[in-house]
Amino acid sequence: MSKPEEAVTPENIPTVDEALGALTDEEKEAVKRDREEMKEFISGLGAREIRSGDWFPKLVANALGTYTREVDWQYFQDKYKGVPADAIVDQRIKMASRFAALEGGLTAGAYTGAVAATFGTAGLAAPVTLTAAATTIAVDLAFLTRLQLRLAHDIAVLYRVHLNPDDPEDMWKLIRVAFSIKSGEVAAEGLLRAAPAVVRAVVKRYYSRGVITAARSLPVVGKFLLQRNVIKIGIPAVGVPLAIALNFYTTIIAGQHARSVFRNEARVIEIAQKMSRSSNNPQAMLWVTWLVILADGKRSDDEALLMRNLVTFAHDHHAITDQGLADLIDIEAQDVWNLLDAIDGDKTDLIDAADRAATIDGPANKRELAIIEEVRLRCV
């Protein structure tokens, strides 16, 4: 088993040469095999199909079909025995970025303005059959898309965030995390500080289209990803070094974004599980948590995720299903206070529940603190 690498941070991102040099002969062969698979995939498509985005649903099926069944939690347990998830995730990101860099070098010779026009224009003049150069570019698009989609899947699995490949909601979440990165997030992560200036500028343009805001349509996503890639294709005399660097850094950014999202989700799920397991009053815990969440009149994504998992764990750990809470539209604080006052015995778990609910998405605000104080008074 290879030794997991240190975390990917702005301070220790390897140079592209270092990344390529770290590839073993076996890994280089794996990249070539993957490119051949994508060539075969692309051979069944035409330019119009690629430009319309209709290639993407087929690519998703290609990328996730048997892969999600074979590469599961047990796969990583067997491959990296005793290694913490964070360390494995960092290694997967670095490995994927090296693969992307090598593929960029193999593809760069076909980056031309003529090919960019073929894929980038809205007209219908493009031929149905792809030229050899256009096929190479399409292979690059498909290779990176599959690589980054599988990377996001691996990261979700490693953080024990369950994604059902047959559930459209779960698949849309995976796609959104793998590809929808705002330009502001790229700058905020600081991962490009180690990159050459010309690479930073192009990568920011690459993400300048922002998140996917259209309807949940896989062809729409495919067209979105193609438009991103055309930015790279359309650079005059892009050259092998820049092509390698662009693939390298965009894959690191995609991996780090997936790491941030799924690690945070794992954190919230872990907190929900601990709250449920340690609770002596699971039904009251649900009501207190929901009252705290609604204290400021809004619900963050982390708060909604916490509540959803608390309800699941209350059922799994305590056989509690509160239909009254499920049917509730507006919660009345007095109803919660009456519930707490009717409980005999230790109620300190409810104070902890209120504290955790208030801070799940950051420091508690004044309204949340007021609810916590009232819970404390009634539970000590």
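Predicted model: local features only at pLDDT ≥ 70, side-chain atom pairs only at ≥ 80, totals over all residues.

Everything I quote is computed from it.

Searching the whole structure for cavities of 30 Å³ or more turns up one. The largest cavity holds about 100 Å³ of space. Which helix gives the most to its lining? That is helix 9, with four residues. Helix 10, residues 168-179, and helix 13, residues 218-233, also supply at least two residues each. The lining includes Leu 141, Leu 144, Phe 179, Tyr 206, Tyr 207 and Arg 228. By class, the lining comes to eight nonpolar residues, three polar and one charged.

Now the open space. The second largest pocket has a volume of about 870 Å³. It is lined by 29 residues, and those nearest the centre of this pocket are Tyr 67, Tyr 75, Arg 92, Met 95 and Phe 99. Helix 2 (25-43), helix 5 (67-70), helix 6 (73-79), helix 7 (85-107) and helix 9 (132-158) each give two or more residues to the lining of this pocket. Here the lining divides into 12 nonpolar, six polar and 11 charged residues.

On to the rings. There are five aromatic pairs in the count. One of them is Trp 55 with Phe 56, an edge-to-face pair with 5.6 Å between centres and 80° between planes. Are these two residues buried or exposed? Trp 55 is buried, at 1% relative accessible area, and Phe 56 is buried too, at 0%. Phe 76 and Tyr 80 make another pair, with ring centres 6.4 Å apart; their planes are at 20°, so this pair is stacked. Both Phe 76 and Tyr 80 are buried as well.

Ring pairs also join Trp 55, Phe 56 and Phe 179 into a cluster. Phe 179 has already come up, as one of the residues lining the largest cavity. A ring with a charge over it is Trp 73: the charged end of Arg 160 sits 4.2 Å from the centre of that ring.

Last, the serine. Ser 276 is in helix 14, which covers residues 239-277. Its relative accessible area is 0%, so Ser 276 counts as buried. What does Ser 276 contact, apart from neighbours within four places in sequence? The answer is Met 285, Leu 310, Phe 313, Ala 314, His 317 and His 318.

That is what I have.

Methods
Residues numbered from 1 in each chain as written. Heavy atoms only, no water. 1 Å grid on protein atoms, 1.4 Å probe; cavity = no way out; pocket = protein on both sides within 12 Å on 5 of 7 lines; lining within 4 Å. Points joined across faces, edges and corners; volume = space filled by probe spheres on them. Nonpolar A, V, L, I, M, F, W, Y, C, P; charged D, E, K, R; others polar. Buried < 20%, exposed > 50% of the residue type's maximum accessible area, 1.4 Å probe, protein only. Contact = heavy atoms within 4.5 Å. Phe/Tyr/Trp six-rings, centres within 6.5 Å; stacked < 30°, edge-to-face > 60°. Lys NZ or Arg CZ within 6 Å of the ring centre and 35° of its normal.
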